[in-house]
Amino acid sequence: MTILHCGSRTISLQMPVVMGVLNVTPDSFSDGGRYTQRDAALRQAEAMLAEGAQIIDVGAESTRPGAKPVTVAEELDRLLPVVEAIAANVDVIISVDTSTPQAMTEAARLGAGLINDVRALRREGAMAAAASTGLPVCLMHMQGEPDAMQVAPSYQHIVAEVSAFLQERIEACLRAGIRREQLICDPGFGFGKSLAHNLRLLAQFDELQALALPLLVGVSRKSMLGQVLNGAPVMARQAAGLSAMLLAVDRGARIVRTHDVAPTVEALMLWQAQKNYQKDDV
Ligand code: 9MG
């Protein structure tokens, strides 16, 4: 059974767990930056915990397609007060969605329990910073950078290339002293991938189990859903997002990153019930 050691807390991944998204970016694509204020962020974290999230993923750099980079100072300014407030007031594991070394070390000092890096610790200093915290790290695959990643994503064999990338990053982490038991992998739906690439990754998600690490899936509200739904806007993608999430969970995902915690928890309750039913062999 996989247990992650997230600072002062632990989390079992025997059953799928929900990671709620808390963006503290002014240009966040899905909540319009409503939660930029510290108190609003705190209320949102409390609400997601009450709905069943076990992890809250706090991010201050928008990584949606086309997003421009933020300065380190801006990122720290937005992120750290929110991490500090949640750590002091909410009984939940805080994940920091960051690629910035200073954000990793400062957030860990303030009580964060997990590092979620869409650049898989490739930014200068990030590997050493993450290793110094001792926290679990989610390594995500991304082709290119957010500002241009959707311009012309290209692969010969998407699943093999994503797997090889993640394998290389796992080995780099091990060399840096991050323990294998503290790693999570994520193919990065929508990060430098066309609709066809995303659908192939979803269809063959089970092949990522060969990495022998817990897998995270993040499809909530993404444009791949809008494309399948003939252009549905962000707020009309929930049912398709839940369907895609369940397909990934059935193929091995154990952490689900979502904006919509309550319906995700309910969908996972149904998934878990049918799993238990199969096991009981009635
Ligand atoms: C920050 N962020 C946005 N989408 C994501 C995804 O799919 N996975 C992870 N790990 N982080 C994400």
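Q: Why is Ala-120 called buried?
A: Its relative accessibility is 0%. Buried means under 20%, so Ala-120 counts as buried. The model is predicted, and the value is computed from it.

Q: What makes the phi of Ala-120 worth noting?
A: Most residues other than glycine have a negative phi. Ala-120 is not a glycine, yet has a positive phi of about 55°. Ala-120 is found in the loop between β6 and α4.

Q: Why is Arg-119 called buried?
A: The relative accessible area of Arg-119 is 5%. The cut-off for buried is under 20%, so Arg-119 is buried. Arg-119 is found in the loop between β6 (114-117) and α4.

Q: What does Arg-119 touch, not counting residues up to four places away in sequence?
A: Glu-61, Ser-99, Met-140, Met-142, Glu-145 and Pro-146. Contact means heavy atoms within 4.5 Å. For Glu-145, 26 residues apart from Arg-119 along the chain, the C-alpha separation is 8.6 Å.

Q: Why does Ala-212 count as exposed?
A: Ala-212 has 54% relative accessibility. Exposed means over 50%, so Ala-212 counts as exposed. Ala-212 is found in the loop between α6 and β9. Its phi is near 60°, a positive value in a residue other than glycine.

Q: Why is Ala-236 called partly exposed?
A: The relative accessible area of Ala-236 is 46%. Buried is under 20%, exposed is over 50%, and partly exposed is in between, so Ala-236 is partly exposed. Ala-236 is found in the loop between α7 and α8. The C-alpha atoms of Ala-236 and Leu-225 are separated by 9.4 Å, and the two are 11 residues apart along the chain.

Q: What makes Asp-57 count as buried?
A: Asp-57 has 0% relative accessibility. Buried needs under 20%, so Asp-57 counts as buried. Asp-57 is in strand β4. Beyond its neighbours within four places in sequence, Asp-57 is in contact with Met-19, Gly-20, Val-21, Leu-22, Ser-95, Val-96, Asp-97, Asn-116 and Arg-257.

Q: How do you know that the length of α2 agrees with its number of residues?
A: Helix α2 (residues 72-89) has 18 residues. At 1.5 Å a residue they should span 26 Å, and the end C-alpha atoms are 26 Å apart, so the two agree. Glu-75, Arg-78, Leu-79, Leu-80, Val-82, Val-83, Ala-85 and Ile-86 are buried in α2. These buried residues pack against β3, α1 (38-51), β4 (55-59), β5 (93-97) and α3 (101-110).

Q: How many cavities of 30 Å³ or more does the structure hold, and what lines the largest?
A: The structure holds 1 such cavity. The largest cavity has a volume of about 110 Å³. Of its 15 lining residues, the closest to its centre are Ser-220, Gly-241, Leu-242, Thr-258 and Thr-264. The largest share of the lining, 4 residues, comes from α8. By class, the lining divides into 5 nonpolar, 6 polar and 4 charged residues.

Q: What makes up the lining of the second largest pocket, by class?
A: The lining has 7 nonpolar, 5 polar and no charged residues. The pocket volume is about 240 Å³. Among the lining residues are Ser-12, Met-15, Gln-54 and Leu-268. Helix α9 gives the most to this lining, with 4 residues.

Definitions and conventions:
Residues are numbered from 1 along each chain as its sequence is written. This is a predicted model: local features need pLDDT of at least 70, side-chain atom pairs count only at pLDDT 80 or more; totals for chains, interfaces and linings use all residues. Side-chain values use heavy atoms; hydrogens and water are left out. On a 1 Å grid over the protein atoms alone, a cavity is a set of points where a 1.4 Å probe fits but cannot get out, and a pocket is an open set with protein on both sides within 12 Å along at least five of seven lines; lining residues have an atom within 4 Å of a point. Grid points are joined across faces, edges and corners, and a volume is the space filled by probe spheres set on the points. Helices (H or I, at least four residues) and strands (E, at least two) are DSSP runs, numbered from the N terminus. Ala, Val, Leu, Ile, Met, Phe, Trp, Tyr, Cys and Pro count as nonpolar, Asp, Glu, Lys and Arg as charged, and the others, Gly among them, as polar. The expected span of a helix is 1.5 Å times one less than its number of residues. Buried means under 20% relative accessible area, exposed over 50%, partly exposed in between (1.4 Å probe, protein chains only).
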